Amino acid sequence: MATSDQAGPGRMNRRWAHRGGSFDLLPEAVLEVEPLPPPAPDEVIARVEAVSICSSDIKVVRMGSSHPLLANGDGRGVVLGHELSLRVHDVGSAQTARFRKGQRISLQPAMRINGRRSIVGFDLAGGFAQYLRLGPEALADYVFEVPETLTAAEIAMLEPYGCVERAYRPNARQAFRHDGSALVLFGPNADRHHASRPLGWKRLVVAGPLDAPLPDFVGPVAMRCTSITEVSEERFDDILALGDIDAGSLAALPTMLAEGGLLLQARRSALGPVPVDAARIHYDALSFVGTSDPDILQALAPGRQRFDVKPGGVALVHGAGGAMGRIHVHRLLQLEQGPRTIVATSRKGRRLADLETDFGPVADAMGRRLIVAENEQLGTIIDQVAPGGLDDAVVVAPDSEAVAAAAGWLAPDGLLAVFAGFPYGGTVPFDLAGIATTGKRITGSTGCSVEDMRDVLSRAVRGDLNLTANLKAVAGLNALPHALDAVNRGTVSGKIVVYPQSPDLPMRVVTDGWRIADEEGLTNPEEPT
């Protein structure tokens, strides 16, 4: 997949490329206009009917090249926008069996191509443009047809709702990767634990006393060492921490996990919080499991690996006032087996009032209790509604103090989902040992799958989910800087959807729902000039 920045005749493509600078400079941003060459044989050119602004777009403007998803670039010249409704404009000769002009499609933007991350709007050009060029990899696995019965705004919001859905699904590994590498660290009282079946990996490193006999369940060993410092630069697919590992060693183990790695603890002693890199939980899909049972494989039992909220419990959505936080609240309220009480918090007073106005009736209709609170009130409210601790907490705001506070409010078997993205290297305290001793859980997720988006689409088509409940404003491409600034300042609660084919549309608030008739003329392309 590539941008339409090759020279050649044909239709022109207006696009907004972020070239650095602060939000104060956004009013000076201008659209670029470039030729749009025809597709190559294995490509499709899609018209961007609608694109929804994501908080990730705001983070790029704020953070620039320090944003984790732009770590390999300088953050300049990227065409943002990854929440899309698309319509096929032109089809390459090799793609005519599947695609046709005028066909409506959706795109799951978090692609992996040739084993590497390729995210639309970050690594690849995004949808803050009138047209998007889709290559064979995207077309093969990340594009699917969508119906005409929903608005383009709703199709654009399949991705953010899918990302929220992903946060409550198995989003981290649940079993060993025996074809990979593993580190087994033996600590005090490790002999209290065993495995009910033999274990082995392609490469196995053992750390602990060299004179101690290895238990029978350990397979062939490639290397033995007394301390993990000897292999601190190596990254492992699986790490087993057996026994009462000390705080310093336990804190080091997550840093030694490869992307998608799994840390299994088997211990009986409490330890207290240790620093954990929140960005690695969110972006790198690290898996943390544990048990105090003698059989370490009990840590992998389904009952120890909860991902969704506890039915009838008490859940916290920290940072609920933003568009993604509102989707979390919306999801929990409409979930059939959802929590009985949802505490939603935000820093901005207007956003709190909008949460109450927009979702209070939904809570009443579902027989749920929605408590909207300012951050300063949280401690008192949680003591009242969850004296034994929260069953679930999701942190949507990129605030390390919020993550630490939410972790401290968890019940012994509570689940914390780190939904917000953080810069790598920033740590938050978490009771990592408590995963083994009390059943606590910590997970994180980013992006979603085509399956997640299809499931959201099915619910919207059935009428079980009103995606436009979070649509609060619309704008044309020329008003994009103003719309981005409005999201950044929090002056608009909920989603802002941009219509690139109507570049002169001024930003306006949506107050009375959004229907197909409201989009008449907004998604149609201008004639070539």
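Good morning. Helix H10 (residues 400-408) lies across strand E17 (314-318), strand E20 (390-395) and strand E21 (410-418), and runs at about 155° to E21. Helices (H or I, at least four residues) and strands (E, at least two) are DSSP runs, numbered from the N terminus. Axes are lines fitted to C-alpha atoms, for helices over the stretch in contact, and angles run from 0 to 180 degrees between N-to-C directions.

The model is predicted: local features need pLDDT of at least 70, side-chain atom pairs count only at pLDDT 80 or more, and totals for chains, interfaces and linings use all residues. Residues are numbered from 1 along each chain as its sequence is written, and side-chain values use heavy atoms, with hydrogens and water left out.

Let me turn to the chain as a whole. The protein chain has 13 helices and 26 strands. Its C-alpha trace spans about 80 × 55 × 45 Å along the principal axes. For 529 residues, a compact globule would have a radius of gyration near 24 Å, and the protein chain agrees with this because its own value is 24 Å. That radius is taken over C-alpha atoms, and the globule rule is 2.2 Å times the number of residues to the power 0.38.

Of the 529 residues, 60% count as buried, where buried means under 20% relative accessible area, exposed over 50%, and partly exposed in between (1.4 Å probe, protein chains only). The accessible surface of the protein chain comes to about 20500 Å², of which 50% belongs to carbon and sulfur atoms. Accessible areas come from the Shrake-Rupley method with a 1.4 Å probe; for residues, only the protein chains shown count as cover. Among contacts (heavy atoms within 4.5 Å) in the protein chain between residues at least 6 apart in sequence, 75% join residues at least 24 apart.

I come now to the sheet that contains E17, E20 and E21. Which order do its strands follow? This open sheet of 6 strands runs E19-E18-E17-E20-E21-E23, with parallel pairing; two strands pair if DSSP finds at least two bridges between them. Strand E19 (369-374) and strand E23 (441-444) are the edge strands, each pairing on one side only. On average, neighbouring strands of this sheet are turned by 15° against each other, direction ignored.

Within this sheet, E18 and E19 pair in the parallel sense over 6 bridges. Valine 343 has isoleucine 371 as its bridge partner in E19. Helix H8 (residues 349-366) packs on the sheet and touches E18 and E19, its direction making about 175° with that of E19.

Threonine 341 has its place in strand E18 (residues 341-346). Is threonine 341 buried or exposed? Threonine 341 counts as buried because its relative accessibility is 6%. Not counting residues up to four places away in sequence, threonine 341 touches Gly313, Val314, Ala315, Arg369 and Ile371. Valine 314 is found in strand E17, and at 2% relative accessibility it counts as buried. With the same exclusion of residues up to four places away, the contacts of valine 314 include Thr341, Leu390 and Asp392. The C-alpha atoms of valine 314 and threonine 446, 132 residues apart along the chain, are separated by 24 Å.

There is another open sheet to consider. Its 6 strands stand in the order E12-E11-E10-E13-E14-E16, with parallel pairing. Strand E12 (223-225) and strand E16 (287-291) stand at the edges with a single partner strand each, so one side of each is left without a neighbour in the sheet. The twist from one strand to the next averages 15°. Strand E13 (residues 236-242) and strand E14 (residues 257-266) pair in the parallel sense over 6 bridges, and phenylalanine 236 stands opposite leucine 257 in E14.

Finally, two covered elements. In helix H4 (residues 158-167), 10 of its 10 residues are buried, among them Tyr161, Cys163 and Arg166. In strand E24 (residues 471-476), 6 of its 6 residues are buried. E24 is joined to strand E25 (residues 495-499) by 5 bridges, and the two run parallel. The chain crosses from E24 through helix H13 (residues 480-489) to E25, and this β-α-β crossover is right-handed: with the strands pointing away from the viewer, the path from the first strand over the helix to the second runs clockwise. E24 is also joined to strand E26 (residues 508-509) by 2 bridges, and these two run antiparallel. Alanine 473 stands opposite valine 509 in E26.
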